[in-house]
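Have the viewer open as you read.

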Amino acid sequence: SLEGLSNKIAQERFDVVYLSGHAGIDETGRPFFIMENETGNSRDVFPEELWSDALIHNPPRLLFLSGDRTGETPDTVGTSFACLLAEKHKIPAVLGWGGPISDNQAILAAKILFFALSRGNSIPDAIQRVRFELLQSFETHSIPAWPLLRLYSTGTPLSAIVKKDQKLRANPRILKHTYL
């Protein structure tokens with residue numbers, strides 16, 4: 001939910017925020033990401049809402065919007081969901097998909113991206129690795145994903161997030177069970 005994301009980001013700074021789910025472009029040409037409301041029903045969240053209600057508290061260095069069409073430029077608006085967040089709200093790097101994407105390709109892309117980033121690769125190098133692996137793994141797929149992965153940037157240097165010999169930071173996790 002947008003509220004849950006807001007609460008988490010307001011409490012702690014994250015280098016990478018990864019949102020996975022369904023997204024699209026409405027009939028007026030506005031891009032949206034489908035999240036949940038407080039009762040678990042779907043809620044269309046638009047770029048301005050995602051920024052003002054959550055990301056404004058502690059913007060990440062990299063935002064990965066892993067949902068269909070988050071990097072696609074709508075015909076009427078002229079700017080994609082990902083591009084709006086990079087250009088207007090100055091998130092240094094925003095990744096999105098330039099069209100519909102299959103789950104297995106999106107999952108593999110995230111896996112490769114996080115592995116490459118954890119090894120000390122810069123953001124552009126990690127994305128290049130993702131594109132190469134997607135091309136190799138799905139070269140016979142009817143809709144290849146590698147050309148659909150789009151990076152929008154403010155132009156700031158996109159250096160490595162993890163540095164060599166960097167000390168691990170403690171990341172205490174609180175396990176919480178909820179029963180309906």
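How many bridges join β2 to strand β3? There are 3, and the two strands, with β3 covering residues 31–36, run antiparallel. One of these links places P31 of β3 as the bridge partner of I25. Helices (H or I, at least four residues) and strands (E, at least two) are DSSP runs, numbered from the N terminus, and two strands pair if DSSP finds at least two bridges between them.

This is a predicted model, in which local features need pLDDT of at least 70 and side-chain atom pairs count only at pLDDT 80 or more, while totals for chains, interfaces and linings use all residues. Residues are numbered from 1 along each chain as its sequence is written, and side-chain values use heavy atoms, leaving out hydrogens and water.

Now the sheet itself: 3 strands in the order β2-β3-β4 form an open, antiparallel sheet. Because β2 (23–25) and β4 (42–45) each have a single partner strand, they stand at the edges, and one side of each is left without a neighbour in the sheet. From one strand to the next, the twist averages 35°.

On to the helices. Helix α1 (residues 2–11) lies across β3 and β4, at about 85° to β3. Helix α2 (residues 47–55) also lies across β3 and β4, at about 95° to β4. Axes here are lines fitted to C-alpha atoms, for helices over the stretch in contact, and angles run from 0 to 180 degrees between N-to-C directions; contact means heavy atoms within 4.5 Å.

The two helices, α1 and α2, pack at an angle of about 45° with their axes 8 Å apart.
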